[in-house]
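The sequence and structure are shown first.

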Amino acid sequence: MKSFDVWMQAIVNGIALGWLYVLMAMGLTLMLSIMGILQLAHGEIYMMGAFLVYYLTRREIGIYPAIVVSMAAMAVLGVILERVLFRPRPGRDVALTSIVISTGLTLILSSAAVVGFGLYTKSLPPLISGSFDLFGAGVPKDRILAIGFSVVALILLYTFLKRTRLGLAMVASAQNREGSFLKGINPNHMSMAAMAIGCALAALAGALAGSILQLHPYMGSLPMINGLVTIVLGGLGSIPGAVIGGMILGLLNGILPVMFGAAAASVAPLVIVILVLLFRPKGILGHE
Amino acid sequence: MQMFFEIKNLRVRYEGAEVVKGVSLHLEEGEIVTLIGSNGAGKTTILRAVSGLKAPSAGEIWFEGTRVDGRNAQSIVKLGIVQVPQGRGLFPYMSVAENLKLGAFLRKDRRAVQKDLADVLVHFPRLKERARQQASTLSGGEQQMLAIAAAVMCRPRLLLLDEPSMGLSPLMVSEIGKIVREINATGTTVLLVEQNSRLALKLATRAYVLETGNIVVEGAADELMHSEHVRKAYLGE
């Protein structure tokens with residue numbers, strides 16, 4: 001019998017993890033629906049973002065400014081990657097080439113990280129120390145803060161997509177690519193914006209993960225997969241769907257290891273994907 | 001003499017096959033000109049080439065003394081050539097109001113855009129009632145109205161309409177016809193591509209008949225309405 005304290009922590013951890021998946025899912029969704037690419041190296045952007053924060057904090061820069069700098073740097077990296085690797089070229093199948101290119105990019109970035117950062121796990125300074133009492137259980141404050149930052153980031157993204165000219169244009173080009181061309185929306189600008197925002201969100205997720213978990217060169221693969229599962233679960237293109245999907249997945253990832261051990265827990269996301277694809281292929285809130 | 005809009009000897013290929021085989025046509029400012037022809041004749045392909053969605057393999061396209069073929073879609077819209085494509089080109093999960101605003105995406109004159117939006121909503125009361133609804137929830141006719149209204153929000157000089165009557169009830173078809181006339185009356189030149197030849201010839205001043213990538217007949221719309229060939233092939237008489 002596990003104590004209440006353990007369950008409470010598992011739930012809070014799960015919710016925090018879930019929000020990281022939501023952040024990853026947002027970037028993947030933007031790139032998938034606007035550019036038509038599956039950016040498999042998104043997890044490596046997350047890892048690079050986290051390590052950049054690590055090296056900045058080692059140089060006596062506070063963790064908050066470091067996260068901002070890292071997000072900006074990854075946004076710039078995203079724009080460069082779009083320009084150099086993912087920009088469509090005539091006569092090439094975008095979806096297929098993006099899978100090949102991003103698989104290669106995954107290998108390059110994670111190998112570079114092994115060489116550059118080493119295989120030892122590292123950790124970031126905590127966002128905030130201490131814990132508070134919730135129904136008699138101790139809940140670490142940094143988890144709550146990480147959840148808070150993720151929620152704020154998502155609200156900002158939502159407002160941007162709903163209220164600004166560029167944001168509306170991005171949604172439009174995701175919903176009807178050719179229709180957006182005929183409105184004079186430049187697809188290359190939309191792709192650059194999608195990559196920049198996606199990579200900045202991945203850097204934020206990586207930094208938050210690095211502060212509540214640990215950093216290592218392969219830290220990106222699991223959130224990458226769970227980000228994809230979140231999309232499948234919630235339905236492509238639905239932000240509320242992604243939040244629900246991320247929460248389900250996060251809670252499973254928080255609670256299942258406590259109940260059945262880590263091995264069983266790692267299978268859960270894949271089982272969920274299979275079930276969703278079998279019984280509700282458009283996801284919880286997706287449209288056809 | 002400088003033509004308002006002119007296509008010279010346009011050729012377009014799709015995967016090796018030539019779909020448009022040397023088409024020439026022109027529009028004077030303020031006209032409604034129609035391009036009729038059966039399914040697969042190459043009508044849509046011509047419009048795609050004009051809008052910069054498909055690069056021509058040969059030929060030239062001129063708009064007000066500027067050569068526009070080979071330009072990207074954005075710069076074509078900037079010049080004032082706006083297309084309402086087949087399938088309407090709407091953003092299905094965005095609201096009617098958002099679709100209209102996106103029609104004016106390239107315009108910088110915000111205040112005038114606001115005014116145009118208000119005007120359009122007065123002009124299309126049905127769209128006003130449904131301003132907050134998702135575009136995908138509208139009926140086919142309403143969607144076509146929205147598509148045309150969104151194009152008008154861009155203040156086009158030349159409006160390209162690709163089969164606006166497709167899939168609509170006869171009542172709605174005549175409604176769309178009325179709208180096209182009204183838009184033209186405000187000074188917008190219209191190139192109307194249609195399979196519904198009866199409607200097209202009624203609206204247009206001049207017409208071109210396209211068959212398997214070639215213009216086979218051209219002339220004044222009312223003359224074509226009475227030509228043997230057109231009556232047999234396109235008016236089902």
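Which residue stands opposite Ile7(B) in E2(B)? Leu25(B) does. The model is a predicted one, in which local features need pLDDT of at least 70, side-chain atom pairs count only at pLDDT 80 or more, and totals for chains, interfaces and linings use all residues. Residues are numbered from 1 along each chain as its sequence is written, and chains are lettered from A and ligands numbered from 1 in the order in which they are written.

Helices (H or I, at least four residues) and strands (E, at least two) are DSSP runs, numbered from the N terminus. Two strands pair if DSSP finds at least two bridges between them.

Strand E1 (residues 5-14) of chain B is joined to strand E2 (residues 17-27) of chain B by eight bridges in the antiparallel sense. Besides the pair of Ile7(B) and Leu25(B), Phe5(B) stands opposite Leu27(B) in E2(B). The hairpin of E1(B) and E2(B) has two residues between the strands, and Glu15(B) there takes a positive phi near 45 degrees. E1(B) also runs antiparallel to E4(B), with five bridges between them; here Ile7(B) stands opposite Ile61(B). Strand E4 (residues 58-63) of chain B is in turn joined to E5(B) by two antiparallel bridges, and Trp62(B) has Arg67(B) as its bridge partner in E5(B).

**The six-stranded sheet of chain B**

A further open sheet of chain B has six strands in the order E6-E7-E8-E3-E9-E10, with mixed pairing. Strand E6 (81-84) and strand E10 (214-220) form the edges, each pairing on one side only. On average, neighbouring strands of this sheet are turned by 15 degrees against each other, direction ignored. Strand E7 (residues 158-162) of chain B runs parallel to strand E8 (residues 189-194) of chain B, joined by five bridges. Within this pair, Val190(B) in E8(B) is the bridge partner of Leu159(B). H7(B) packs on the sheet and touches strand E3 (32-36), E7 and E8 of chain B; the direction of H7(B) makes about 155 degrees with that of E8(B).

**Domains of chain B**

Domain bounds come from an automatic or database domain assignment. For chain B, this assignment gives domain 1 (1-80 + 158-237) and domain 2 (91-155). The C-alpha centres of the two domains lie 24 Å apart. Two residues are in contact if their C-beta atoms, placed from the backbone, lie within 7 Å. Twelve residues of domain 1 of chain B are in contact with nine residues of domain 2 of chain B. On the domain 1 side, the elements that give two or more residues are H2 and helix H7 (170-185) of chain B, and H7(B) gives the most, with five residues.

**The contact between the chains**

Chain B contributes 20 residues and chain A 15 residues to their contact. On the chain B side, the elements giving two or more residues are helix H2 (73-79) and helix H3 (96-103) of chain B.

Axes are lines fitted to C-alpha atoms, for helices over the stretch in contact, and angles run from 0 to 180 degrees between N-to-C directions. A crossing is left-handed if the near helix is turned anticlockwise from the far one by less than a right angle, and right-handed if clockwise.

| Helix pair | Angle | Axis distance |
|---|---|---|
| H9 (residues 221-234) and H10 (residues 239-260) of chain A | roughly 125 degrees | within 8 Å |
| H3 (residues 63-86) and H8 (residues 187-212) of chain A | about 145 degrees | 7 Å |

H9(A) and H10(A) are therefore oblique to each other, where angles under 35 degrees count as roughly parallel, over 145 as roughly antiparallel, 65 to 115 as roughly perpendicular and the rest as oblique. Their crossing is right-handed. The contact includes Asn226(A) and Val229(A) of H9(A), and Gly241(A) and Ala242(A) of H10(A).

H3(A) likewise passes H8(A) in a right-handed crossing. Among the residues that meet there are Ile63(A) and Ile67(A) in H3(A), and Ser191(A) and Met192(A) in H8(A).
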